[in-house]
Amino acid sequence: MDLITTSEALAAFCQRAAKFDFVTVDTEFLRETTYWPKLCLIQAATDEEAVLIDPLAAKLDLKSFIALLDNPDVVKVFHAARQDIEIFVKMTGRVPANIYDTQIAASVCGFGDSASYDSLVRAITNVSLDKSSRFTDWSARPLSEKQRTYALADVTHLREIYRSLTAQVEATHRGEWVDDELELLRRVDTYVIEPTKAWERLKLRINRPRDLAALQRLAEWRERRAQELDQPRSRIFKDDVLYELAVQRPLTPEAFENLRAVPRGFGRSAAAAEIMATLKAVEALDKKELPALPERYRGPSPKGAVGDLIRVLLKSVAEEHGVAARIIATSEEIDALVLDDEADVPALRGWRRKLFGEKALAIKHGRIGLVATRKGIVEFPVESAGAN
């Protein structure tokens with residue numbers, strides 16, 4: 001289990017791997033103290049071999065491996081692919097071609113939401129993995145034999161998992177379901193947070209347009225600073241600090257001393273100077289330039305009885321078809337559906353609408369009801385129930 005540490009050895013492996021229909025891929029990285037993940041190890045396997053690639057080696061250029069990732073003729077198989085792909089997007093600016101995520105496939109094959117790799121290994125290969133090396137320091141060299149064994153297991157068993165799940169997906173004609181979920185992973189913007197849009201990930205606890213303008217600018221400032229310093233955004237400021245700054249809007253060093261969210265003396269720092277400049281720009285905005293607050297629905301709560309009935313329907317449909325409920329519809333989508341028959345949500349499009357969305361709308365408008373039986377939840381037409 002020697003590491004590949006030279007460009008020549010890596011190129012030779014990639015040339016061999018390009019002859020296969022698929023390659024399994026995994027990574028080990030660190031990001032507890034950084035904004036960007038620090039790539040420490042790449043694992044890859046074909047039907048004939050499995051290798052460990054050392055991206056920290058001085059004599060190794062990943063160019064040939066990137067070419068393999070870009071090869072549309074070879075499926076790149078990941079499990080829970082998002083963070084792995086984020087690394088390659090940061091490296092190249094693009095998503096690897098022809099990707100497949102076995103966690104997504106597992107969710108449409110009855111293994112539940114977010115099935116772990118080791119649970120799939122147990123269920124499909126009847127092997128129990130030793131996961132004790134999961135949180136070791138992958139940047140340290142040399143890697144221990146235990147670390148290498150652990151790392152290789154993440155791609156060797158993945159081959160059998162991939163074959164088993166794709167066979168199940170094909171047998172149940174659910175390729176479209178998997179493809180819909182993969183679409184999000186194929187988009188570069190899934191992995192790249194634009195600082196100007198950083199505020200969108202925050203829960204809006206803001207009631208005034210100027211407060212919202214301040215929150216938007218502060219979230220952008222924090223995101224840029226985190227990226228520039230390569231630090232987690234929470235190390236710059238936690239979300240609660242952004243809210244307090246947005247509402248209080250300190251414009252002098254002394255004003256910071258009245259805030260609970262920042263340490264004493266912070267108002268004299270360079271960061272505080274940047275924040276004050278940002279907030280002064282917000283104060284200078286004309287009312288017409290302020291962002292509009294999101295519209296708040298003031299009708300019946302979607303969390304009420306109708307929403308509850310539709311959630312029962314979702315659970316029933318998910319169990320009947322052996323698919324994770326989250327793949328069909330999220331709780332937020334059900335809320336939107338309760339409020340709007342034409343809500344722009346996946347649950348009302350394509351295969352999801354046929355499987356669930358139409359029935360959900362029928363329940364909402366009283367065309368069908370639900371009854372609990374020994375066999376589970378059963379749907380019935382309301383008209384025929386009234387006739388009896």
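**Entry 1: T190.** I began with T190, which, leaving aside neighbours within four places in sequence, is in contact with R82 and L184; contact means heavy atoms within 4.5 Å. I placed T190 in the loop between α7 and α8. Helices here are DSSP runs of H or I of at least four residues, strands are runs of E of at least two, and both are numbered from the N terminus. At 12% relative accessibility, T190 counts as buried. I used buried for under 20% relative accessible area, exposed for over 50%, and partly exposed for in between, with a 1.4 Å probe and protein chains only.

**Entry 2: Basis.** I note that this is a predicted model, in which local features need pLDDT of at least 70 and side-chain atom pairs count only at pLDDT 80 or more, while totals for chains, interfaces and linings use all residues. Residues are numbered from 1 along each chain as its sequence is written, and side-chain values use heavy atoms, with hydrogens and water left out.

**Entry 3: Nonpolar cores.** I looked up the largest nonpolar core and found 77 residues, with I53, F65, I328 and F356 having the most contacts inside it. Helix α15 (residues 350-364) gives the most to this core, with seven residues. Domain 1 (3-191) and domain 3 (305-381) both contribute residues, so the core lies between them. The domain bounds come from an automatic or database domain assignment. A nonpolar core is a set of buried Ala, Val, Leu, Ile, Met, Phe, Trp, Tyr and Cys residues joined through side-chain atoms within 4.5 Å.

I then listed the partners of F65: beyond its neighbours within four places in sequence, F65 is in contact with L10, C14, V25, I42, A44, I53 and F88. A second, separate core has 31 residues, including I206, A214, L215 and F256.

**Entry 4: Helix α2.** In helix α2 (residues 63-70), I found S64, F65, I66, L68 and L69 buried. The buried residues of α2 pack against α1 (7-17), β2 (22-30), β3 (38-45), β4 (50-53), β5 (75-78) and α3 (82-92).

**Entry 5: Strands β7 and β8.** I checked strand β7 (residues 368-373) and strand β8 (residues 376-381), which pair in the antiparallel sense over six bridges. Two strands pair if DSSP finds at least two bridges between them. G369 stands opposite F380 in β8, and a hairpin of two residues joins β7 to β8.

**Entry 6: Salt bridges.** My search of the whole structure found 30 salt bridges, each a side-chain nitrogen of Lys or Arg within 4 Å of a carboxyl oxygen of Asp or Glu.

I looked up D239 and R201, whose side chains meet in a salt bridge at 3.8 Å, N to O. D239 lies in helix α10 (residues 239-248) and R201 in the loop between α7 (175-185) and α8 (209-229), so the pair ties together parts that are 38 residues apart in sequence. D239 is partly exposed at 27% relative accessibility, as is R201 at 42%.

The side chains of D341 and K364 form a salt bridge at 2.5 Å, N to O. This pair links distant parts of the chain, with D341 in the loop between α14 (331-339) and α15, and K364 in helix α15, 23 residues apart. D341 is partly exposed, with 28% relative accessible area.

I also recorded D344 and R349, whose side chains meet in a salt bridge at 2.6 Å, N to O. D344 counts as exposed at 69%, whereas R349 is partly exposed at 42%.
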